[in-house]
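Subject: Structure handover

Hi,

Here is the structure for you to look over. My notes follow below it.

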Amino acid sequence: MSLSRRAVLAGGLALSACDHAAHSQTLSAPARLPPLKDVAQFPVGTCVRSDQLADPAFARLVVEQFSQLTPEWEMKMEYIVQDDGAFRFEGPDKIAAFAHQNGLRLFGHTLVWYIHRPKAFEQLDEGRVRFVDAYRNYITAVVGRYRGQAVAWDVVNETIEDDGSGVRDSLWAERLGKEEHIALAYRFAHDADPGVPLFLNDYFLETMPKKRAAFLRLVERLLKAGAPLHGLGTQTHLIADQQPGLIKAAIADLASVGLPIHVSEMDVSIAGARGLLKDPRDLEQTQARLYAEAAEAFSLLPARQRFAFTIWGARDSDSWRRKEAADDTPLLFDADGRPKAAAQAWEQGLR
């Protein structure tokens with residue numbers, strides 16, 4: 001997701017958080033916590049880049065705390081598809097090998113994203129058949145390469161407009177149809193690995209009810225048309241001043257379809273909330289409570305619907321949010337890999 005779109009939250013939905021903090025237990029960073037993966041009754045994931053795996057401290061923290069890995073960007077089209085149409089797999093191959101060597105699940109992310117317009121695809125002529133063949137070949141190559149390794153895939157990512165008006169414009173929609181390109185992606189991915197669950201993933205489903213409603217309407221249409229759609233991903237990128245209760249409402253709404261749910265990219269920015277809550281201690285407390293709310297809401301789902309819960313980064317210093325605010329601290333572990341109050345709150349939310 002682009003930084004500019006996520007910045008929408010900074011001016012949004014706040015804020016009984018100060019009052020809420022005043023009437024709640026104060027949370028502090030614990031000296032020690034049991035590993036996240038050991039206290040949860042579902043897989044707990046994080047995102048990684050292949051270069052990070054060369055850092056022994058990073059690798060150790062990932063193996064100790066998590067049971068599932070999502071490539072942060074090296075399974076995306078921008079990495080895999082070269083200008084001449086060739087594919088490269090060095091990065092995702094390293095991540096897949098690390099996951100296998102350490103007994104971690106590998107989650108495939110992501111096959112089709114509206115923001116991508118690879119030159120190799122743009123340069124294809126207007127003939128639909130040729131474009132469909134290239135589209136099929138790409139999806140088949142990527143899913144087929146990790147068949148038997150990836151436990152699931154985000155097939156289509158961030159396809160709904162923020163205002164809920166429908167499916168986004170994209171190269172794929174232009175050439176193959178607004179919703180047909182989505183249905184085709186699921187069919188081609190299923191053909192490449194019939195046994196792997198396929199997810200639809202999007203952001204702001206907690207904070208934009210109209211967008212969530214449009215997302216669910218798309219899900220219903222895809223299922224009615226027979227698309228092999230098996231699960232729903234909600235990214236859960238939040239800001240520390242978020243109104244309590246939104247996460248629970250969103251997860252319950254998404255779960256009403258009956259498909260497995262993946263909290264797929266959770267983080268809670270503190271930097272994005274500084275204009276409203278000035279005291280860093282208040283921000284840390286509200287951040288922790290949002291993590292607790294998410295853990296509790298996810299834990300209340302039936303076991304068959306708890307696919308996985310992924311934190312979008314292992315340490316604060318690894319977070320994509322540092323590109324927007326160099327001192328942001330949105331994750332469960334600090335830059336030195338020590339658990340924060342948010343980590344303790346997340347574990348308490350499970351109980």
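Is Arg-49 buried, partly exposed or exposed? Arg-49 is partly exposed, with a relative accessible area of 23%. For the cut-offs, buried means under 20% relative accessible area, exposed means over 50%, and partly exposed lies in between (1.4 Å probe, protein chains only).

First, the ground rules. This is a predicted model: local features need pLDDT of at least 70, side-chain atom pairs count only at pLDDT 80 or more, and totals for chains, interfaces and linings use all residues. Residues are numbered from 1 along each chain as its sequence is written, and side-chain values use heavy atoms, with hydrogens and water left out.

Overall shape

The protein has 351 residues, and its radius of gyration is 20 Å. That agrees with a compact globule of this length, which would come out near 20 Å. The radius is taken over C-alpha atoms, and the globule rule is 2.2 Å times the number of residues to the power 0.38. Along the principal axes, the C-alpha trace spans about 60 × 45 × 35 Å.

The secondary structure comes to 14 helices and nine strands. These are DSSP runs, numbered from the N terminus: helices are H or I with at least four residues, strands are E with at least two.

Of the 351 residues, 57% count as buried. The accessible surface is about 13900 Å², and carbon and sulfur atoms hold 50% of it. Areas come from the Shrake-Rupley method with a 1.4 Å probe; for residues, only the protein chains shown count as cover.

Contact means heavy atoms within 4.5 Å. Among contacts with a separation of 6 or more, 78% join residues 24 or more positions apart. For a C-alpha pair, take Arg-281 and Thr-26: they are 255 residues apart in sequence and 9.5 Å apart in space. Arg-281 lies in helix α13 and is exposed, at 61% relative accessible area.

Charges and salt bridges

There are 41 positive and 47 negative side chains, and the centres of the two sets lie 2 Å apart. Lys and Arg count as positive, Asp and Glu as negative; His and the chain ends are not counted. Each charge is placed at NZ of Lys, CZ of Arg, CG of Asp or CD of Glu.

The structure holds 24 salt bridges. A salt bridge here is a side-chain nitrogen of Lys or Arg within 4 Å of a carboxyl oxygen of Asp or Glu.

Arg-49 is in one of them, with Glu-72, at 3.3 Å from N to O. This pair links distant parts of the chain, 23 residues apart. Glu-72 sits in the loop between β2 (68–71) and α5 (77–80), Arg-49 in the loop between β1 (44–48) and α4 (56–65). Glu-72 is buried, at 11% relative accessible area.

Arg-147 and Asp-193 form another, with the closest N and O atoms 3.8 Å apart. They too link distant parts of the chain, 46 residues apart. Arg-147 is in the loop between α8 (128–145) and β4 (150–157), and Asp-193 is in the loop between α10 (180–192) and β5 (198–202). Arg-147 is partly exposed at 49%, whereas Asp-193 is buried at 7%.

Glu-161 bridges to Arg-168 at 3.6 Å, closest N to O. Glu-161 is partly exposed at 25%; Arg-168 is buried at 7%.

Which buried residue has no salt bridge? Glu-293 is such a case; the nearest side chain of opposite charge, Lys-248, is 6.0 Å away. Glu-293 is in helix α13 (residues 280–299). Leaving aside neighbours within four places in sequence, Glu-293 contacts Pro-244, Gly-245, Leu-246, Ile-247 and Lys-248.

Backbone points

Most residues other than glycine have a negative phi, and most peptide bonds are trans. Some spots here depart from that.

- The His-109 to Thr-110 peptide bond is cis, with omega near 0°. Thr-110 is in strand β3 (residues 105–113).
- Glu-158 has a positive phi, near 55°. Glu-158 is in the loop between β4 and α9 (171–176) and is buried, at 0%.
- Thr-236 has a positive phi of about 65°. Thr-236 is in the loop between β6 (231–234) and β7 (237–239) and is buried, at 2%.

Best wishes
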